[in-house]
Amino acid sequence: MFCKSVKNSEFWIALVVIGVISLVFGIISNGMIPDGSNNLNMLMGMFTGLGASFTAIGTFKLIHIKRASAAKLKQEEIDLKDERNIQVLRISYTVASATASVLFSIMIFLFVFLNYITASFICLGALYIQILAFFISYKYFSKKM
């Protein structure tokens, strides 16, 4: 569940490793791409940025876990498992999902207007996947509860 704390150091170590691999891949691949391929240069820049972000987040969380006392880590876990915080998190996810649906719909119409058919189909596919995930999770949890 998204509301539970990730205290496990192995998760953050794995995130750092994935980040370093992505960072190195982006930097090395960017040097091997010919100069005329702007879209591939941008893609390798995205890999580099994602890798740097994963590495930084994982490193900061590992430092936080190592430096914080056991009582402080326990209090953070209790705060994350608090019913009010869980409700706030669920409401936030609901608002974000509705916003994403509206945004995908607007982007579909905008891309069709600009005659970017491929981009509009990609947005339409993403919208369908989001709606499908909603209905599958709704059916699953309504049967479970």
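User: At what angle do the axes of helix α1 (residues 9-32) and helix α2 (residues 38-67) cross, and within what distance do they come?
Analyst: The two axes cross at roughly 155° and come within 7 Å. An axis here is a line fitted to C-alpha atoms, for helices over the stretch in contact, and angles run from 0 to 180 degrees between N-to-C directions.

User: Why is α1 called roughly antiparallel to α2?
Analyst: The crossing angle is roughly 155°, so α1 counts as roughly antiparallel to α2. The classes are roughly parallel under 35 degrees, roughly antiparallel over 145, roughly perpendicular from 65 to 115, and oblique for the rest.

User: What kind of model is this, and how are residues numbered?
Analyst: This is a predicted model, in which local features need pLDDT of at least 70, side-chain atom pairs count only at pLDDT 80 or more, and totals for chains, interfaces and linings use all residues. Residues are numbered from 1 along each chain as its sequence is written, and side-chain values use heavy atoms, with hydrogens and water left out.

User: How many helices and strands does the chain have?
Analyst: The chain has five helices and zero strands. Its elements run α-α-α-α-α from the N terminus on. Both kinds of element are DSSP runs numbered from the N terminus: helices are H or I of at least four residues, strands E of at least two.

User: What makes α4 roughly antiparallel to α5?
Analyst: The axes of helix α4 (residues 83-113) and helix α5 (residues 117-144) cross at roughly 155° and come within 8 Å. That angle makes α4 roughly antiparallel to α5.

User: Which residues of α4 and α5 meet?
Analyst: From α4 they include S97, S105, F104 and F111, and from α5 they include A119, C123, L127 and Q130. Contact means heavy atoms within 4.5 Å. The residues of the contact of α4 with α5 divide into eleven nonpolar, five polar and no charged. Nonpolar covers Ala, Val, Leu, Ile, Met, Phe, Trp, Tyr, Cys and Pro, charged covers Asp, Glu, Lys and Arg, and the others, Gly among them, are polar.

User: Why does S105 count as partly exposed?
Analyst: S105 lies in helix α4, and its relative accessibility is 28%, so S105 counts as partly exposed. Buried means under 20% relative accessible area, exposed over 50%, and partly exposed in between (1.4 Å probe, protein chains only). The C-alpha atoms of S105 and L127 are separated by 7.6 Å, with the two residues 22 apart along the chain.

User: What is phi of N115, and why does N115 count as exposed?
Analyst: N115 lies in the loop between α4 and α5. Its phi is near 65°, a positive value in a residue other than glycine. Most residues other than glycine have a negative phi. The relative accessibility of N115 is 59%, so N115 counts as exposed.
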